[in-house]
Amino acid sequence: MLFSKPKTIPIGYSYVQCRTSNQLSLFLVTMRILKFTENALIAAVFLAGCDKLSAFNQIQAGQYKPDIADLSYGQDDRQVLDVYLPTASAQPAPLIIWFYGGSWDSGDKAKYAFVAKRFNELGYAVAIPDYRLVPKIHFPAFIEDAASAIAFMKDYAASNPDQLTNEPVMLAGHSAGAYNAVQVVADPTYLKAVGLNSQHIVGIIGLSGPYDFHPYDVSATEIAFGDTPARLSQPVEMDLTHMPPLLLITGTRDTTVLPRNSRRLATLAPKTELIEIKETGHAGTLTALGFYLTTDQAVLDPVTAFLSTNLPTEN
């Protein structure tokens, strides 16, 4: 069993919508009153009654917005992406494409502005696609969307040389998004279908990703993958000799996607660096990218080093 039971979605993906702007104001006021201690962060989220990820994103990124929003890479309403650019002096910039998690059944690109801001400040452009979700679709539709988003951004870079460098891109993601980033390259049929191959991908950063979860023994995978055989769905079942460098980061206290997933993939894929963060759970590898309270250099340092080695900036 490579996912844990009971069948729960991590707290970062538990959505209870803020119903009024007053609730968000209450959240921010509470944060000030409690003077931004780590316990205050947790307490204020619950006091506000807000979507936890939206609240976290608001704290970390404020009003940080994409430079180009809602670019369509397909016909479905969910097949849109945002592009965040670094400062003008850093352009044209190399590109990171970020795939968010959410058990393949939830997610919103707007809630990851803090991720874009983090990478922008390192000198990278960032594209964050939405993608089609379960139960409207099932595997492999979300992997096909990943491939389409990559191909779209490659064309966009070629058409906008003042913004983006026209070179191989870095893929990155958390949880189900990390799976998408890995699987779209591990099975070469997806990139081939959009006229690309693994040489167009310079590297992959996977945070707390599931890569070895067959049989499907939790509801999220049962619904998303149905009776798909392991040879089609599991990165660890692929011929991985063509893979670009991988950076896999997992928390030793992750009880949602067990660390064994990253460990197993690391033994099979060449050019893989595995980092295990002690006393860190599933959401911790994601919130580590934030700027206040949750910043974790144990995650940021290897991510920055991996980027510098495999996709250095010129500015």
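## Helix H4, an enclosed helix

A residue is called buried here when its relative accessible area is under 20%. By that cut-off, the buried residues of helix H4 are Ala113, Phe114, Val115, Ala116, Lys117, Arg118, Phe119 and Asn120. This is a predicted model.

Helix H4 covers residues 113-121, and eight of its nine residues are buried, so the rest of the structure largely encloses it. What do the buried residues of H4 pack against? Their partners are helix H3 (52-61), S2, strand S3 (95-99), S4, helix H11 (284-287) and helix H12 (297-310). Just after H4 comes Gly123, with a positive phi of about 100°.

## The chain overall

The protein chain holds 12 helices and eight strands. Of its 315 residues, 57% are buried. The chain exposes about 13100 Å², and carbon and sulfur atoms supply 53% of that area.

Take the contacts between residues at least 6 apart: 76% of them join residues at least 24 apart.

## The nonpolar core

In soluble globular proteins, nonpolar side chains tend to be buried together. Here the largest nonpolar core has 93 residues. Trp98, Phe142, Ile150, Leu171 and Val184 have the most contacts inside this core. Helix H5 gives the most to the core, with 11 residues.

Lys154 sits in helix H5, which spans residues 141-159. Lys154 is buried but has no salt bridge. Which side chain of opposite charge is nearest to Lys154? That side chain belongs to Glu167, 8.3 Å away.

The backbone of Glu167 is another matter. Its oxygen lies 3.0 Å from a polar atom of the Lys154 side chain. Setting aside residues up to four places away in sequence, Lys154 touches Asn166, Glu167, Pro168, Val169, Leu196 and His200.

## Salt bridges

The count comes to eight salt bridges. One of them pairs Lys136 with Asp76, with the closest N and O atoms 3.0 Å apart. Lys136 lies in the loop between strand S4 (125-129) and H5, while Asp76 lies in the loop between strand S1 (68-72) and strand S2 (80-84), so this pair ties together parts that are 60 residues apart in sequence. Lys136 is exposed, because its relative accessibility is 63%. Asp76 is buried, at 18%.

Arg78 and Asp130 form a salt bridge as well, with the closest N and O atoms 3.9 Å apart. Arg78 is in the loop between S1 and S2 and Asp130 in the loop between S4 and H5, so the pair joins parts 52 residues apart in sequence. Arg78 is partly exposed at 22% relative accessibility. Asp130 is buried at 8%.

## Further pairs and a network

Arg263 and Glu276 meet through their side chains in a salt bridge of 2.8 Å, N to O. Arg263 is in helix H10 (residues 260-268) and Glu276 in strand S8 (residues 272-277), so the two are 13 residues apart and the pair links distant parts of the chain. Both ends are partly exposed: Arg263 has a relative accessible area of 38%, and Glu276 has 32%.

Asp70, Asp82 and Lys109 form one network, joined by salt bridges that share partners.

Most residues other than glycine have a negative phi, and most peptide bonds are trans. Which residues does a cis peptide bond join, with omega about 0°? Gln91 and Pro92 are joined in this way. Pro92 lies in the loop between S2 and S3. Another cis bond joins His214 and Pro215, with omega about 5°. Pro215 is in the loop between strand S6 (201-207) and helix H8 (219-225).

Ser208 has a positive phi, near 55°. Ser208 is found in the loop between S6 and H8. Is Ser208 buried or exposed? At 1% relative accessibility, Ser208 is buried. Lys271 also has a positive phi near 55°. Lys271 lies in the loop between H10 and S8, and at 54% relative accessibility Lys271 counts as exposed.

Definitions and conventions
Residues numbered from 1 in each chain as written. Predicted model: local features only at pLDDT ≥ 70, side-chain atom pairs only at ≥ 80, totals over all residues. Heavy atoms only, no water. Helix = DSSP H or I, 4+ residues; strand = E, 2+ residues; numbered from the N terminus. Buried < 20%, exposed > 50% of the residue type's maximum accessible area, 1.4 Å probe, protein only. Lys, Arg positive; Asp, Glu negative; His and termini not counted. Salt bridge = Lys/Arg side-chain N within 4 Å of Asp/Glu carboxyl O. Polar contact = N/O pair within 3.5 Å; in protein donor to acceptor, adjacent residues only side chain to side chain. Contact = heavy atoms within 4.5 Å. Core = buried A, V, L, I, M, F, W, Y, C linked by side-chain atoms within 4.5 Å. Areas by Shrake-Rupley, 256 points an atom, 1.4 Å probe, with all protein chains shown as cover.
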